[in-house]
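Subject: Structure handover

Hello,

Here is the structure for you to look over. My notes follow below it.

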Amino acid sequence: QVQLAESGGGSVQAGGSLRLSCADSTFTSSLSDYCMGWFRQAPGKEREGVAAIDTKGSTQYRNSANGRFTISKDGAKNTLYLQMNNLKLEDTAEYYCAAVSSWGCVATITPKFFNYWGQGTQVTVSS
């Protein structure tokens, strides 16, 4: 029902910042009805969870992202964000937005929990 689209990726130097955005491209679904998450995948590696948020605002972060990344929702703009600060070389990956319907959902960074996925946006961090 929801169709996700990410934006905001790009190339930055280590220590820099980026803000990723995720929105419903159909303009018919409210993201407040879903648990949401950000995931990433680098070439040759499995997809891993970065951050997640449930419908009550509870969050979960990957240990390496905690303290540097912040996941949030803007209900008025119907948009999910991932603010990334102090980026490191190992943060380089394709970043994906994901969602699962709100009934019984929790903030989790487990990819298999989510059933709606965007097409991804590339983040490249250089020295």
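A pocket, as used here, is an open set of grid points where a 1.4 Å probe fits, with protein on both sides within 12 Å along at least five of seven lines. Please keep in mind that the model is predicted.

The largest pocket holds about 170 Å³ of space. It is lined by 13 residues, and Arg 40, Lys 45, Glu 48, Glu 90 and Thr 92 are the closest to its centre. What classes of residue make up the lining of the largest pocket? Eight are charged, three are polar and two are nonpolar.

**Cores**

The largest nonpolar core has 28 residues. Those that touch the most other members are Met 36, Trp 38, Leu 80, Leu 82, Met 84 and Tyr 95. Seven strands are on the list of those that supply at least two residues each: β3 (18–24), β4 (34–41), β5 (48–53), β7 (69–74), β8 (79–84), β9 (93–101) and β11 (121–126). β9 gives the most, with four residues. In soluble globular proteins, nonpolar side chains tend to be buried together.

Take Leu 82. Beyond four places in sequence, Leu 82 contacts Leu 18, Arg 19, Leu 20, Trp 38, Val 50, Ala 51, Phe 69, Thr 70, Ile 71 and Tyr 95.

**Tyr 61**

Tyr 61 sits in strand β6 (residues 59–61). Is Tyr 61 buried or exposed? Its relative accessibility is 19%, so Tyr 61 counts as buried; the cut-off is under 20%. A polar atom of the Tyr 61 side chain lies 2.9 Å from the backbone nitrogen of Ile 71. Ile 71 is also among the contacts of Tyr 61 beyond four places in sequence, along with Val 50, Ala 51, Asn 66, Phe 69, Thr 70 and Ile 109. Lys 73 is twelve residues from Tyr 61 in sequence, and their C-alpha atoms are 15 Å apart.

**Thr 108**

Thr 108 is in the loop between β9 and β10 (116–117). Thr 108 has a relative accessible area of 13%, and is therefore buried. Its side chain makes a polar contact of 3.2 Å with the side chain of Thr 110. Setting aside residues up to four places away in sequence, Thr 108 touches Phe 39, Ala 52, Gln 60, Phe 113 and Phe 114.

Best wishes

Technical notes:
Residues numbered from 1 in each chain as written. Predicted model: local features only at pLDDT ≥ 70, side-chain atom pairs only at ≥ 80, totals over all residues. Heavy atoms only, no water. Core = buried A, V, L, I, M, F, W, Y, C linked by side-chain atoms within 4.5 Å. Buried < 20%, exposed > 50% of the residue type's maximum accessible area, 1.4 Å probe, protein only. Contact = heavy atoms within 4.5 Å. 1 Å grid on protein atoms, 1.4 Å probe; cavity = no way out; pocket = protein on both sides within 12 Å on 5 of 7 lines; lining within 4 Å. Points joined across faces, edges and corners; volume = space filled by probe spheres on them. Nonpolar A, V, L, I, M, F, W, Y, C, P; charged D, E, K, R; others polar. Polar contact = N/O pair within 3.5 Å; in protein donor to acceptor, adjacent residues only side chain to side chain.
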